[in-house]
Amino acid sequence: MDEAAFVTGVPVVAAAAGTVVRRRDGEPDVSVRTRAFAAGRDAGNGVVIDHGDGWVTQYSHLRAGSITVEPGERVAAGQAIGMVGLSGNTEYPHLHFDVRHADRPIDPFDARPLTAACARSRGQTGLWTRGLAAVLDRATTAIIGGGFATGFVDPAHPRAAEAATSLATTRPLLLWSEVSGGRRGDILRFAITGPQGAIFDAQRPLDGDHLLWMNFGGKKPPPRGWPPGLVRGEITLWRDGTLIGDRTVTARIDP
């Protein structure tokens, strides 16, 4: 989720009818890149709902002060219970959603206990309704980070490079991106334009399904260096010819 959506507020709703059994609120919405989270509070602010017959769902990393339900309260399917936040052990705003049955973690996309390998097949609805499964098939893939870099981008911690807004005339122009939920055949495209027009345009195909996928593209400077001015980077993600994610960033090349 980008910062604009986080500021506006994105509701979190109950996946099914049930009774609230636990809640926690008051943990700050601050990335772990800039502070340490409290011991034992990795999930940050959250809600746990008992749906009966051994089924339980948990909603974690909610926004501080946004939780609207109390323990013992009955909730309906689709009822708002809080907002997506940045609390607990998290680097960026998102919802961590857990499903359990008889105290075993269940993958909601294939309705089976979680294993070391992902067993989901294309078109499978799992625990979702068919309509929602079709929406989630695209919604679970997103560009979660990207920008210009001033040097090497560590694949293990790529978002550390996200703040590069001032670039040198004699350094390569490097645009990077991190994708969550990428599928085999997805196409990641990098395009860079500068004061004098197009600089770089390339595509990176995804050769398999990946929970997280980091890639980059760019170009070395010409002999006299880049002309100073504003540069624009466009990162787009395509699936079967349809745009499913995009991010635009800008930086300034200093003389």
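**Close-up 1. Glu234 and its partner Arg232 in this predicted model.** Glu234 is partly exposed, with a relative accessible area of 33%. Its salt-bridge partner is Arg232, and their closest N and O atoms sit 3.2 Å apart. Arg232 is partly exposed too, at 38% relative accessibility.

**Close-up 2. Arg23 meets Glu70.** Here the two side chains form a salt bridge, with 3.1 Å from N to O. The pair links distant parts of the chain: Arg23 belongs to strand β2 (residues 18-24), while Glu70 is in the loop between β4 (55-62) and β5 (74-75), 47 residues apart. Arg23 is partly exposed at 28%, and Glu70 is partly exposed at 44%. Asp25 joins in as well, giving a network of salt bridges with Arg23 and Glu70.

Close-up 3. Arg41 is partly exposed at 34%, whereas Glu27 is buried at 12%. Across the whole structure there are six salt bridges.

**Close-up 4. Inside the largest nonpolar core.** This core holds 22 residues, and Phe148, Leu173 and Val231 have the most contacts inside it. Strands supplying at least two residues each include β10 (142-149), β12 (173-182) and β16 (229-239). The largest share, four residues, comes from β17. Zoom in on Val231 and you'll find it touching Phe148, Leu167, Leu173 and Ile253, among others. A second, separate core has 12 residues, including Val20, Val47, Leu62 and Ile81.

Terms used
Residues are numbered from 1 along each chain as its sequence is written. This is a predicted model: local features need pLDDT of at least 70, side-chain atom pairs count only at pLDDT 80 or more; totals for chains, interfaces and linings use all residues. Side-chain values use heavy atoms; hydrogens and water are left out. A nonpolar core is a set of buried Ala, Val, Leu, Ile, Met, Phe, Trp, Tyr and Cys residues joined through side-chain atoms within 4.5 Å. Buried means under 20% relative accessible area, exposed over 50%, partly exposed in between (1.4 Å probe, protein chains only). Contact means heavy atoms within 4.5 Å. A salt bridge is a side-chain nitrogen of Lys or Arg within 4 Å of a carboxyl oxygen of Asp or Glu. Lists of a residue's contacts leave out its neighbours within four places in sequence.
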